[in-house]
Amino acid sequence: MATPALSVSGLTRRYGAVTALAGIDLEVRPHEILGLIGPNGAGKTTLMACIAGLEVPDQGQVQTANGAARRDALFYLPDGVHPYPELRVAALLALFAAAFGQGSDAARRVEAALGLAPVRAKLAGTLSKGYRRRLLLAVALLAPQPLLLLDEPFDGLDLHQVRSVVALLRRLPAAGRTLLLSIHQLKDAERVCDRFALLAEGRLLGVGNLPELLVQAGLSEGGLEEVFLALT
Ligand code: ATP
């Protein structure tokens with residue numbers, strides 16, 4: 001088995017009386033799309049923030065492939081950030097491309113990939129939710145790190161946009177990327193992920209692809225929804 005892109009062991013994070021994460025063990029395999037799946041408050045964002053190093057766990061460890069520094073191994077795109085709202089979209093992408101040491105055509109490439117051409121002259125702070133989400137995803141694609149942590153990548157996207165972003169993300173592993181996505185919509189997760197880590201109340205209920213999860217849940221057929229209901 002290849003060295004994991006990331007390993008998490010015994011990760012626990014408490015906020016006062018709330019245990020947001022309770023001893024999470026998880027491996028992210030190289031070049032897979034792993035979904036952190038769970039309802040509101042399950043601990044998805046806390047887990048990503050602990051992995052990224054923005055939150056300090058009370059217990060447990062996070063290990064990157066070959067012990068690389070986290071800043072070299074992974075890029076974390078949190079939910080709800082609005083970088084440089086006063087910059088125009090094209091300028092913002094050019095800025096991030098330069099900051100990430102990418103060539104001059106990289107900004108244009110991600111702009112095209114995310115369908116941002118119609119808004120390239122708009123101020124980033126004036127974009128609709130869907131375009132704002134696509135702009136953030138474009139920034140993540142410019143990042144050079146092999147592992148991308150994307151918190152709710154489909155939030156704010158309409159049906160067509162979800163489909164096109166799913167297709168885009170599905171192409172990334174072949175280009176050498178590994179993805180850890182937090183997703184609360186089960187249907188979106190089924191469309192994009194290779195494997196799923198099911199979280200509820202800070203605990204991992206199961207990890208695997210759909211056939212493996214069906215076995216773990218003692219089911220002979222069904223989707224993620226049935227698995228989730230059977231495991232909770
Ligand atoms: P959502 O889908 O709503 O974003 P989530 O699965 O990402 O939820 P978290 O945001 O990780 O869940 O929250 C997990 C638990 O930890 C929740 O009970 C939340 O209220 C609590 N929590 C998270 N951050 C803090 C904080 N800074 N202070 C206190 N409690 C917190």
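Predicted model: local features only at pLDDT ≥ 70, side-chain atom pairs only at ≥ 80, totals over all residues.
Residues are numbered from 1 along each chain as its sequence is written, and side-chain values use heavy atoms, leaving out hydrogens and water. Local features need pLDDT of at least 70 and side-chain atom pairs count only at pLDDT 80 or more, while totals for chains, interfaces and linings use all residues.

**The sheet**

Select the six strands of the open, mixed sheet, in the order β5-β6-β7-β3-β8-β9. Strands (E, at least two residues) and helices (H or I, at least four) are DSSP runs, numbered from the N terminus; two strands pair if DSSP finds at least two bridges between them. Go to β5 (74-77) and β9 (203-208): these are the edges, each with a single partner strand, so one side of each has no neighbour in the sheet.

Next, select residues 147-151 (β6) and 178-183 (β7), which pair in the parallel sense over five bridges. Leu148 stands opposite Leu179 in β7.

Zoom in on the polar contacts (pairs of N or O atoms within 3.5 Å). A ligand oxygen lies 2.7 Å from a backbone N or O atom of Gly41. For the side chain of Lys44, the distance from an N or O atom to a ligand oxygen is 2.8 Å.

Key: Polar contact = N/O pair within 3.5 Å; in protein donor to acceptor, adjacent residues only side chain to side chain.
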